[in-house]
Amino acid sequence: MVTMNRSCNFSNVTNDYLAFYDCILRNMIDEMTHADLSDSISHNFITQMIPHHQGAIEMSRNLLRYTTHIPLQNMALKIITEQTKSISHMHSILCACDAVHNSKEDLCCYQTRTRKIMQTMFCEMKNACITNCVNGNFIRQMIPHHCAAIAMSENTLRYCICPELIPILDRIICSQRQEVCRMQCFLSCMGSC
């Protein structure tokens, strides 16, 4: 079971939100950790990013069951739309990406860095500060999730990859940097949440 920093009593709403979040995080960790890797960095990125994106979609759906914060609601809806499209796009180029092979040295360097990024994300998402404010909880959980997607994409761009993957990586980096900035602003405005 995923353990998180739970230092006070929570409302039924918060407990319901957190129980589903635990399931989402546990599934994402399992699927990313046990992804079917090959000798293609392009393939490996896709097989680990698809469950990562799916985690963001499920986290956003979970938030939408509870939030009344309209800007955050709109962001969650945008995450669902954009990451669903990204998953579809990654599925559509997977065969082309499988054909681009990398050296053992590059694969080792790539995967070592990717594992570090993933472990940092898993740790930060498990240990995110939890309060009775579901909106704040979502933001503190989603920021490390987005930061990991940015770092994984930047890491992938350092290597010889399928040309069809490059615009997907660029979109992830650009859109998720913008969303991290907006979430940090929301959190700042929420004050003690």
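This is a predicted model: local features need pLDDT of at least 70, side-chain atom pairs count only at pLDDT 80 or more; totals for chains, interfaces and linings use all residues.
Residues are numbered from 1 along each chain as its sequence is written, and side-chain values use heavy atoms, with hydrogens and water left out.

Let me start with the overall fold. The protein has six helices and zero strands, where helices (H or I, at least four residues) and strands (E, at least two) are DSSP runs numbered from the N terminus. With a radius of gyration of 17 Å, close to the 16 Å that the globule rule gives for 193 residues, the protein is as compact as a globular protein of that length; the radius is taken over C-alpha atoms, and the rule is 2.2 Å times the number of residues to the power 0.38. Along its principal axes the C-alpha trace spans about 50 × 30 × 25 Å. Of the 193 residues, 51% count as buried, and here buried means under 20% relative accessible area, exposed over 50%, and partly exposed in between, with a 1.4 Å probe and protein chains only. Among contacts (heavy atoms within 4.5 Å) between residues at least 6 apart in sequence, 77% join residues at least 24 apart.

Since 21 of the 23 residues of H5 are buried, H5 is largely enclosed by the rest of the structure. Helix H4, residues 104-126, reaches 32 Å from its first C-alpha to its last, close to the 33 Å expected. Among the buried residues of H4 are Leu107, Tyr110, Thr114 and Ile117, and what covers the buried residues of H4 includes helix H1 (12-33), helix H2 (41-64) and H5.

What does Thr114 touch beyond its neighbours within four places in sequence? Thr114 is in contact with Gln48, Met152 and Asn155, and its relative accessible area is 0%. The C-alpha atoms of Thr114 and Asn155 are separated by 7.4 Å, although the two lie 41 residues apart along the chain.

Ile173, in helix H6, is buried at 10% relative accessibility, and, neighbours within four places aside, Ile173 is in contact with Ile150, Ser153, Glu154 and Leu157. Asp16, in helix H1, counts as partly exposed at 45%.

Finally, the largest pocket has a volume of about 240 Å³. A pocket, on a 1 Å grid over the protein atoms alone, is an open set of points where a 1.4 Å probe fits, with protein on both sides within 12 Å along at least five of seven lines, and lining residues have an atom within 4 Å of a point. Of the 14 residues that line the largest pocket, Glu82, Ser86, Arg171, Ile172 and Ser175 are the closest to its centre. Helix H6 (166-190) gives the most to this lining, with seven residues, and helix H3 (70-98) supplies at least two.

Terms used
Grid points are joined across faces, edges and corners, and a volume is the space filled by probe spheres set on the points. The expected span of a helix is 1.5 Å times one less than its number of residues.
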